[in-house]
Amino acid sequence: LSRVGDRLGALVPVSVAEVISLATHDLGERMRLSGAKIELIHPVPMAMGNGPLLQELFQNLLENSIKYGGADGPRIRVEAAPAPEGSVAVAIEDDGGGVPEAERDRIFGLFKRMSAHHKLEGVGAGLAIVRRITEVHGGDVRAEAPQTLPGARFVVTLAALADAGDRS
């Protein structure tokens, strides 16, 4: 977690749709076993970033949606979200139990999970990694109230192409 910044390098234009496609491919077996379905709503924005780190970020979010999504084959929706000037945002929603408002900040801590999920596999590092990757990109990640599906909603904000500047 502490070395994520060391891996950043120069930021380049990244197709978020392609990064999500690669993450989905890596999760293929887990998706097949769970019956997960991912709906990617186009257009998904381009962003400035490090492709492999952004793939890790979105893979962690998708993996959480698979793990905590609906029991009858998780449904996951990925789409562009409203973003401040000079930024782009991508939302990932699922049909699981959601994240109670009181826990929306706490779950991004290392080794933190929602109290209702303490018996599930994993160590509680995935969302801490997601937060760290967004921070080294100068972005933000937050859990929000769901809008389309009834479960969790995470929004990742990153630098847009035009205003990315030199962060190397």
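**Helices against an open sheet**

The model described here is predicted. The sheet under discussion is an open one, built from 5 strands in the order 2-4-5-7-6, with mixed pairing. Strand 2 (37-40) and strand 6 (140-144) sit at its edges; each has a single partner strand, so one side of each is left without a neighbour in the sheet. From one strand to the next, the twist averages 20 degrees.

Helix 1 (residues 16-26) also packs on the sheet, where it touches strand 2, strand 4 and strand 5. The direction of helix 1 makes about 170 degrees with that of strand 2.

Strands of a sheet pair through backbone hydrogen bonds, in either a parallel or an antiparallel way. For strand 4 (residues 75-81) and strand 5 (residues 87-94), the sense is antiparallel, and the pairing extends over 6 bridges. Within this pair, Ile76 stands opposite Asp94 in strand 5.

Now for the chain as a whole. The protein chain has 4 helices and 7 strands, and, read from the N terminus, its elements run β-α-α-β-β-α-β-β-α-β-β. It counts 168 residues, 46% of them buried. Among contacts between residues at least 6 apart in sequence, 71% join residues at least 24 apart.

Notes: Residues numbered from 1 in each chain as written. Predicted model: local features only at pLDDT ≥ 70, side-chain atom pairs only at ≥ 80, totals over all residues. Heavy atoms only, no water. Helix = DSSP H or I, 4+ residues; strand = E, 2+ residues; numbered from the N terminus. Buried < 20%, exposed > 50% of the residue type's maximum accessible area, 1.4 Å probe, protein only. Contact = heavy atoms within 4.5 Å. Pairing = 2+ DSSP bridges. Axes fitted to C-alpha atoms, helices over the stretch in contact; angles between N-to-C directions.
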